[in-house]
Amino acid sequence: MAGGRGVPDGATLGEGGGLGCALPVSSRIVRFTTSGFDREIALPFANPTDVTFGGPHLDRLYVVAIDDGLYVLDGVGRGRVEP
């Protein structure tokens, strides 16, 4: 997490091997692949703390925010089916 991106908290695996991490206080979720930092998603709230993919097609990202409840993001990728 060099470069001031923040401190990772909850994480989830997406299709293609990406690892998404919530960054509390930063209003962001970041994604890493085996090549390193891939992308970030700006959020309309400050403290994301846990993330997981769900829904019938694993195409909804559920994000828990400290003291702010549960958010659902669509169109940000798909989760990986766990064995």
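Let me start with Glu82. Glu82 forms a salt bridge with Arg80, and the closest N and O atoms are 3.6 Å apart. Bear in mind that this is a predicted model. How exposed are the two partners? Glu82 is partly exposed, with a relative accessible area of 48%. Arg80 counts as partly exposed too, at 38%.

How many salt bridges does the structure hold? The count is 4. I will take two others from that set.

Next, Arg28. Glu40 and Arg28 form a salt bridge, with 3.0 Å between the closest N and O atoms. Where do these residues sit? Glu40 is in strand S4, residues 36–42, and Arg28 is in strand S3, so the pair ties together parts that are 12 residues apart in sequence. Strand S3 itself covers residues 28–33.

Is Arg28 buried or exposed? Arg28 is buried: its relative accessible area is 17%, and the cut-off for buried is under 20%. Glu40 is partly exposed, at 40%.

On to Arg31 and Asp38. Their side chains meet in a salt bridge, 2.4 Å from N to O. Arg31 has a relative accessible area of 21%, which makes Arg31 partly exposed. Asp38 is partly exposed as well, at 37%.

Now the rings. The count comes to 2 aromatic pairs. One of them is Phe32 with Phe37. That pair is edge-to-face, 6.0 Å centre to centre, with 70 degrees between the planes. Phe37 is partly exposed, at 34% relative accessibility.

Then there is Phe45 with Tyr71. What is the geometry of this pair? The ring centres are 3.9 Å apart and the planes sit at 15 degrees, so the pair is stacked. The cut-off for stacked is under 30 degrees.

Which parts does that pair connect? Phe45 lies in the loop between S4 and strand S5 (48–54), while Tyr71 lies in strand S7, residues 69–74. The pair therefore ties together parts that are 26 residues apart in sequence. Phe45 is buried, at 5% relative accessibility. Tyr71 is partly exposed, at 25%.

To recap, with the structure in view. Arg28 and Glu40 link strands S3 and S4. Phe45 and Tyr71 link a loop to strand S7.

Conventions
Residues are numbered from 1 along each chain as its sequence is written. This is a predicted model: local features need pLDDT of at least 70, side-chain atom pairs count only at pLDDT 80 or more; totals for chains, interfaces and linings use all residues. Side-chain values use heavy atoms; hydrogens and water are left out. Helices (H or I, at least four residues) and strands (E, at least two) are DSSP runs, numbered from the N terminus. Buried means under 20% relative accessible area, exposed over 50%, partly exposed in between (1.4 Å probe, protein chains only). Rings of Phe, Tyr and Trp (its six-membered ring) pair if their centres lie within 6.5 Å; planes under 30 degrees apart count as stacked, over 60 as edge-to-face and the rest as tilted.
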